[in-house]
Amino acid sequence: MNQPAVEVRDLVMRYGGVTAVDGLSLDVPAGTITAILGPNGAGKTTTVETCEGFRPVQAGTVRVLGLDPRADATTLRPQVGVMLQSGGAWTGVRAGEMLRHMASLHAHPLDVDLLVERLGLGSCGRTPYRRLSGGQQQRLGLAMAVVGRPALVFLDEPTAGLDPQARRATWDLLDELRASGVTVVLTTHFMDEAEALSDLVHIVDAGRVIASGTPAQLAEAGAQGTIRFSARPGLDVGGLMQALPDGTKADEAEPGRYVVTGDVDPALLATVTAWCAAESVLAESVLVERQTLEDRFLDLTGRRLR
């Protein structure tokens, strides 16, 4: 497919006097894992639910696999898997029965027994959904979303509440889905998850996309990195700054501990160590820190609780 698996153009969604989505546009390339990130209330859930066909478009356009998610729902349903944060299973049904029912709705489902084993659901197959632990409900929701071999799958917080083993198993499954050509749209509050899995990230705030790119591109766009080193207290920080490129700062954060902030690259590191050598300073514990996706996310959306 040359066209994106999901295309959103100028989407506007309002609820009374509240504008949840305000002219949002984004693409999800086919065959990728694309993460949509944002603080609570940013509009990402409304956007995804509109793409899933659960909400009618109020203004703008949404296309999923080239089709209208509401008008073409019958055609899209066999091709799209959805994992809802609310679960999506009947409360009284046994986990195994629910998954087999979902498989029966599709022409060429995955092997249910293998999927159950893969996601560690074998021990709870006869347990009613309401009695499953939160992690088991999450894993069942993921299994229900992928059992039909969808071309596109929407996953809302797929690893929330999972232990490290289940979380890693989920990551491995998503990697395999992408390798087989499935497009994954992922919402998550775990920045390390988005950084590890995603080919593309859209950061949403106040109903708009405020940044897009690969995790590496977004982190690098923040520019600033940090070199930390230890040495004798009272170094001539002003002299060090004169040796550094424009836009780079140096500070003695506490006695004997120095921080150099700027566009960190091999040349900057060499400049710092050369200055130390010229001043007969033995720099110890030299540590290079680059901005992470989480750093960039907080820079863009702020640190205030929502």
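Predicted model: local features only at pLDDT ≥ 70, side-chain atom pairs only at ≥ 80, totals over all residues.

A: Side chains of opposite charge can pair when their charged atoms come close. The side chain of R55 forms a salt bridge with E49, and the closest N and O atoms of this pair are 2.6 Å apart. E49 is likewise partly exposed, at 22% relative accessibility.

This pair may be set beside others, as the count of salt bridges comes to 13. One of them joins D192 and R167, with an N to O distance of 2.8 Å. This pair links distant parts of the chain, for D192 lies in helix α7 (residues 191-197) and R167 in helix α6 (residues 164-179), 25 residues apart. D192 is partly exposed, with a relative accessible area of 39%. R167, at 19% relative accessibility, counts as buried because its value is under 20%. R167 and D192 also belong to a network of salt bridges that includes E193.

Another salt bridge is found between D22 and R208, at 3.7 Å from N to O. Here too distant parts of the chain are linked: D22 is in strand β2 (residues 18-28) and R208 in strand β9 (residues 208-213), 186 residues apart. D22 is partly exposed at 29% relative accessible area, and R208 is partly exposed at 43% relative accessibility.

Methods
Residues numbered from 1 in each chain as written. Heavy atoms only, no water. Salt bridge = Lys/Arg side-chain N within 4 Å of Asp/Glu carboxyl O. Helix = DSSP H or I, 4+ residues; strand = E, 2+ residues; numbered from the N terminus. Buried < 20%, exposed > 50% of the residue type's maximum accessible area, 1.4 Å probe, protein only.
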